[in-house]
Amino acid sequence: MPNDDEVHALSVERTIDAAPEAVFDAFIALYDSDRPDWVVDSSLDLRVGGRWSVAFQVPDGPAFREERTITALDRPHLLEYAVTAVYGGVPTFDTTVQVTIDGGRVRLAQQGFPAPETRDVFAGAWPDVLAELDRRVSGRPS
């Protein structure tokens, strides 16, 4: 029988026609140096054990922040981080995220959601993130 972390997990993937290095760098930039409007602030220390604070204001959604700690890094193939989601200044739940880049395949996996409804909110957003990533590295509409 699967545990709650496995039940309340998600995984999305997309094939992007670009070198792994370009995809990795664009993923980092998406939340740091070349942010879209819905990422309002970011502070990154890109190393294992480094902190990564990202503030979001998504359309039609609440403002929130993710306090991330990088747990694994193998540029350009792997980035893992632990996340504490903070809403209204209060830590609300913890998850882990794993980003793998294998050739042109990008896979994002997140687990540890407190409930299926919370997981589903994030599951609805990750495909848009991958589409934006694809648009940025390929130079074509997603």
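Helices are DSSP runs of H or I with at least four residues, strands are DSSP runs of E with at least two, and both are numbered from the N terminus. The structure shown is a predicted model, in which local features need pLDDT of at least 70 and side-chain atom pairs count only at pLDDT 80 or more, while totals for chains, interfaces and linings use all residues. Residues are numbered from 1 along each chain as its sequence is written, and side-chain values use heavy atoms, with hydrogens and water left out.

View 1. A salt bridge is a side-chain nitrogen of Lys or Arg within 4 Å of a carboxyl oxygen of Asp or Glu. Side chains of opposite charge can pair when their charged atoms come close. Burial is judged by relative accessible area: buried means under 20%, exposed over 50%, and partly exposed in between (1.4 Å probe, protein chains only). Arg-135 is partly exposed at 35%, whereas Glu-132 is buried at 17%.

**View 2. Asp-34 and Arg-136 form a salt bridge.** Their closest N and O atoms are 3.1 Å apart. Asp-34 lies in the loop between α2 (20-30) and β2 (39-44) and Arg-136 in helix α3 (residues 116-138), so the pair ties together parts that are 102 residues apart in sequence. Asp-34 is partly exposed, with a relative accessible area of 45%, and Arg-136 is partly exposed at 23%. A network of salt bridges links Asp-34, Glu-132, Arg-135 and Arg-136. By the rule given above, the count comes to 11 salt bridges.

**View 3. A salt bridge connects Arg-51 with Glu-67.** The closest N and O atoms of this pair are 3.7 Å apart. Arg-51 belongs to strand β3 and Glu-67 to strand β4, so the pair links distant parts of the chain, 16 residues apart. The relative accessibility of Arg-51 is 47%, which counts as partly exposed.

**View 4. Arg-68 is a buried residue of strand β4.** Its relative accessibility is 1%. The side chains of Arg-68 and Glu-66 are joined by a polar contact of 2.7 Å. A polar contact is a pair of N or O atoms within 3.5 Å; within protein, one must be able to donate a hydrogen and the other to accept it, and residues adjacent in sequence count only if both atoms are side-chain atoms. Touching, or contact, means heavy atoms within 4.5 Å. Leaving aside residues up to four places away in sequence, Arg-68 touches a set of residues including Tyr-31, Trp-52, Phe-56, Tyr-81 and Val-83.

**View 5. Thr-95 is a buried residue of strand β6 (residues 90-102).** Thr-95 has a relative accessible area of 4%. Its side chain makes a polar contact of 2.9 Å with the side chain of Gln-110. When residues up to four places away in sequence are not counted, Thr-95 touches Tyr-81, Ala-82, Val-83, Gln-110, Gln-111, Gly-112 and Phe-113.

**View 6. Two loops hold backbone features at Pro-76 and Asp-60.** Arg-75 and Pro-76 are joined by a cis peptide bond with omega of about 10°. Pro-76 is placed in the loop between β4 (63-74) and β5 (78-87). Asp-60 lies in the loop between β3 (51-57) and β4. The phi of Asp-60 is near 60°, a positive value in a residue other than glycine. Asp-60 is exposed, with a relative accessible area of 88%.

**View 7. The largest pocket has a volume of about 490 Å³.** Of the 18 residues that line this pocket, Trp-38, Val-58, Phe-64, Val-121 and Ala-125 are the closest to its centre. A pocket, found on a 1 Å grid over the protein atoms alone, is an open set of points where a 1.4 Å probe fits, with protein on both sides within 12 Å along at least five of seven lines; lining residues have an atom within 4 Å of a point. Grid points are joined across faces, edges and corners, and the volume is the space filled by probe spheres set on the points. Helix α3 gives the most to the lining, with 8 residues. The lining divides into 13 nonpolar, 1 polar and 4 charged residues. Here Ala, Val, Leu, Ile, Met, Phe, Trp, Tyr, Cys and Pro count as nonpolar, Asp, Glu, Lys and Arg as charged, and the others, Gly among them, as polar.

**View 8. Helix α2 is mostly covered.** Of its 11 residues, 8 are buried. Among them are Pro-20, Val-23, Phe-24 and Leu-30.
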